[in-house]
Amino acid sequence: MQGRPANIRGGRQRILLVLLLLGEGASVSKDQLIGEIWGDDLPAQVDNALQAVVTRLRRSLDTWCGPGFARERLVSEQSGYSLWLDEHAVDFREFESLRSEAQRQMTRDPTRSAALLEQALGLWRGSALEGVGGGVMCDSAAARLDEERLLALEDKIQLEHHGGRHAGTVAELRRLTMLYPLHERLSEQLMVALYRSGRPAEALDVYRQLRTALRGELGLDPTPAVQSRMRAILQHDMADRIPQERGRGTPHRPAVA
């Protein structure tokens, strides 16, 4: 809050806080909270144990934000709990808002779109929910947020290509395609960056590596759009488009930030 880090001690408090933040002001049921915090290792008096975690989190929030903050914002309801914060107080909401606006501006004002994406990506400090733990809900939310971050990176790279800055994206795309060898849009962007940097043979190697990975893991060939890009490289007939057609991706979570 107001740029000050919160000292939320204990893994259970952190899981509880994350789940309530993900609820975006809506009630999160006690059953969901219990399942995420303890999994199958339930304490004997689980309702009392949950209430104890809530009480400790309230104290932590009051220490962080001032006395009475948690009483107003962390609300007990009949079947669960909710936490309300202003939209711009939560990084993932701010990120999603900035990314949505960047997408709207992409064709009308690429410079503005790139600046918004830079701002959105600057909110990240690592993989989503890194070190939090939790169960299925936390894992699902982390995967979704990390996927949105990757899409924002792809859009930012496409805007850099649109501005003619191909060579400067090669190293980042090399790193990303190593992390996500089945993600076709990243490979296609790397093919474009290499070709525009005067390295067509390397661009074709990227296509062959992608095809091998897709056939080996999924039994699929690259999408027609990516195959078309490969043929254009062979024929030296390239035309950047914005927004670029998106290739097929696969569900994943980044291994590193």
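Which side chain does a polar contact of 3.3 Å join to that of Arg185? The legends below, prepared for a predicted model, begin with this contact.

**View 1. Arg185 and its polar partner.** The side chain of Arg185 is joined to that of Glu154 by a polar contact of 3.3 Å. Arg185 belongs to helix H9. Its relative accessible area is 2%, and Arg185 is therefore classed as buried, the limit being under 20%.

**View 2. The second largest pocket and its lining.** This pocket holds about 150 Å³ of space. Two or more lining residues come from each of helix H8 (170-179), helix H9 (184-196) and helix H10 (200-218). The greatest contribution is that of H10, with four residues. The lining consists of Arg174, Thr177, Met178, Pro181, Ser187, Leu190, Val206, Gln209, Leu210 and Ala213. Grouped by class, six of these residues are nonpolar, three are polar and one is charged.

**View 3. The protein chain as the setting of both close-ups.** Eleven helices and three strands form the secondary structure of the protein chain. Along the sequence, their order is α-β-α-α-α-β-β-α-α-α-α-α-α-α. Where contacts link residues at least 6 apart in sequence, 64% of them join residues at least 24 apart.

Note on methods
Residues numbered from 1 in each chain as written. Predicted model: local features only at pLDDT ≥ 70, side-chain atom pairs only at ≥ 80, totals over all residues. Heavy atoms only, no water. 1 Å grid on protein atoms, 1.4 Å probe; cavity = no way out; pocket = protein on both sides within 12 Å on 5 of 7 lines; lining within 4 Å. Points joined across faces, edges and corners; volume = space filled by probe spheres on them. Nonpolar A, V, L, I, M, F, W, Y, C, P; charged D, E, K, R; others polar. Buried < 20%, exposed > 50% of the residue type's maximum accessible area, 1.4 Å probe, protein only. Polar contact = N/O pair within 3.5 Å; in protein donor to acceptor, adjacent residues only side chain to side chain. Contact = heavy atoms within 4.5 Å.
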